[in-house]
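I open this notebook to record what I looked up in the model. The entries go by topic.

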Amino acid sequence: MNHIFWALLILFAIAALMRMDWAYYLVYVVGGVWAFSHWWVRRTLQRLRVKRRIPQYAFTNEVVTAAIEIENRSWLPLPWLQVQEAVPLDLKDQPDYRVVLSIGGRSALRHTYRLYCRRRGYYTVGPLSLRTSDLFGFVDARWQEAGGDELIVYPAIVPLEKLGLPGRMPFGALPTRRQLDEDPARLGGVRQYVSGDSLRRIHWKATAHEDTLLVKKLQPSQELPVFIALNLDRSAYPARALIGASEWAISIAASIAGHMSEQRQAVGLASNGVDPFIEGPAAPIGLRVGRSHLMNVWRLLARIQLNDEAPPLHEWLPLQTASLPWGTTVVLIAPGVDEKDLWMLHRLHRRGSNVVVLVCAGQRDFRSIQANGRRLGLRILPALWESDLQAVEQRLKQFE
């Protein structure tokens, strides 16, 4: 741009000294085009309105669509406009997010692109940058966005069957002599009529459809809460599967929280992992119900990281469960447990909690630990990682 200005100035000086009229005309034409191009491009670029539309959240392995809306409020068109989006590496679905467009005067256009959410986390999409020029290349104008838009990628949510657990596993149920009243407004299914059932409990629509007497099954009015304890002590995970097993543990926690929320049961979460937002141990989330509460749990699980300085499990967990109400189901998700952990969980069981341990990594003495846990009133189950689950399926096929 500056070299054109100096070239015109030198040409004007030569024309004045040599008294060449054609040089004057050349200076006037080129100078006029140069000045008009400056005014045209800069004015049009200033009157562009750019807006990015992107989902606020997504889930791991999900592909989402984002859009950039550009409105030209000037009467002057832009022959070409280069749009370049800055996308984090873990969200890229293509090598480059750059496109060249043309936009007319008083018009708008919409450009869409895809994001592939490979890993959970908090991401900033942007800043967006625009670059344009006139047809002669006299002007090179640029604009860059001040910030960007945030996208939260939650952990992958999988059904309980994929975790190697029964689909109707009663996380929120505890064998007890305490009688829970049934709620007439909470239908839990139907069953066959037996002698002594009240006629008020007959489900007449289902009876007419099946041509046999069916009775409503009602859910209890008191729901037992579920408290998820997630062990993210880096030293507890096997080195060969550190990232995979820990991410799988976080996915298990998110899946159980979602399952409990669908059942309208209170759920809480505690983890000895690190919260990058506070640069310290993650704060526990209390027992509550509702969609907004579930979003808080998932947001914490989206950003939590392994802890290099986590206290031992048998010391950390009692502090997190000391104030839990009677009947709470404590779901511990850990790469493994030892004898100290079993006795700590046994004391928790004796205080009136239903304790379920989900082992998310391969533990050599798992069978003996499971048997010892059963004698202590604990349910210890393998929540198989996907690669381990596929290996088990292959072994089963060999015996078919």
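The model is a predicted one.

**Entry: aromatic pairs**

I then took Phe-59 and Tyr-154, whose rings form a tilted pair, 5.5 Å centre to centre with 55° between the planes. Phe-59 belongs to strand S2 and Tyr-154 to strand S10 (residues 149–154), so this pair ties together parts that are 95 residues apart in sequence. By the cut-off above, Phe-59 and Tyr-154 are both buried.

Next I noted Tyr-97 and Tyr-113, an edge-to-face pair at 5.4 Å centre to centre and 75° between the planes. Tyr-97 sits in the loop between S4 and S5 and Tyr-113 in strand S6, and this pair links distant parts of the chain, 16 residues apart. Tyr-97 is buried because its relative accessible area is 6%. Tyr-113 has 4%, so Tyr-113 is buried as well.

Which residues do ring pairs link into a cluster? I list Tyr-57, Phe-59, Tyr-154 and Trp-298.

**Entry: salt bridges**

I counted charge pairs next; the structure holds 13 salt bridges. One of them joins Glu-85 to Arg-52, with the closest N and O atoms 2.7 Å apart. Glu-85 is in strand S4 (residues 78–85) and Arg-52 in strand S1 (residues 48–53), so I note a link between distant parts of the chain, 33 residues apart. Glu-85 and Arg-52 are buried.

I also looked up Asp-275 and Arg-303, whose side chains meet in a salt bridge at 2.7 Å, N to O. Asp-275 lies in strand S15 (residues 274–275) and Arg-303 in helix H5 (residues 291–303), so the two tie together parts that are 28 residues apart in sequence. Both Asp-275 and Arg-303 are buried. On shared partners, I recorded one network of salt bridges that joins Arg-52, Glu-85, Glu-145 and Asp-149.

Arg-142 counts as exposed because its relative accessible area is 58%. Asp-140 has 38%, so Asp-140 is partly exposed.

**Entry: positive patch**

I checked the surface for charge and found a positive patch formed by Arg-43, Arg-47, Arg-49 and Arg-106. Of these I placed Arg-106, in the loop between strand S5 (98–103) and strand S6 (107–116). Arg-106 is partly exposed, because its relative accessibility is 46%.

**Entry: backbone**

Last I went through the backbone. The peptide bond from Gly-126 to Pro-127 is cis, with omega near 5°. Pro-127 is in the loop between strand S7 (121–125) and strand S8 (128–133).

I then noted residues with positive phi. Asn-61 is not a glycine, yet has a positive phi of about 70°. I placed Asn-61 in the loop between strand S2 (57–59) and strand S3 (63–72). At a relative accessible area of 51%, Asn-61 is exposed.

Arg-264, also not a glycine, has a positive phi of about 60°. Arg-264 is in the loop between helix H4 (242–262) and strand S14 (267–271).

Notes: Residues are numbered from 1 along each chain as its sequence is written. This is a predicted model: local features need pLDDT of at least 70, side-chain atom pairs count only at pLDDT 80 or more; totals for chains, interfaces and linings use all residues. Side-chain values use heavy atoms; hydrogens and water are left out. Helices (H or I, at least four residues) and strands (E, at least two) are DSSP runs, numbered from the N terminus. Buried means under 20% relative accessible area, exposed over 50%, partly exposed in between (1.4 Å probe, protein chains only). A salt bridge is a side-chain nitrogen of Lys or Arg within 4 Å of a carboxyl oxygen of Asp or Glu. Patches are made of residues with over 30% relative accessible area and no salt bridge: like charges are joined within 9 Å, nonpolar side chains (Val, Leu, Ile, Met, Phe, Trp, Tyr) within 5 Å. Accessible areas come from the Shrake-Rupley method with a 1.4 Å probe; for residues, only the protein chains shown count as cover. Lys and Arg count as positive and Asp and Glu as negative; His and the chain ends are not counted. The place of a charge is taken as NZ of Lys, CZ of Arg, CG of Asp or CD of Glu. Rings of Phe, Tyr and Trp (its six-membered ring) pair if their centres lie within 6.5 Å; planes under 30 degrees apart count as stacked, over 60 as edge-to-face and the rest as tilted.
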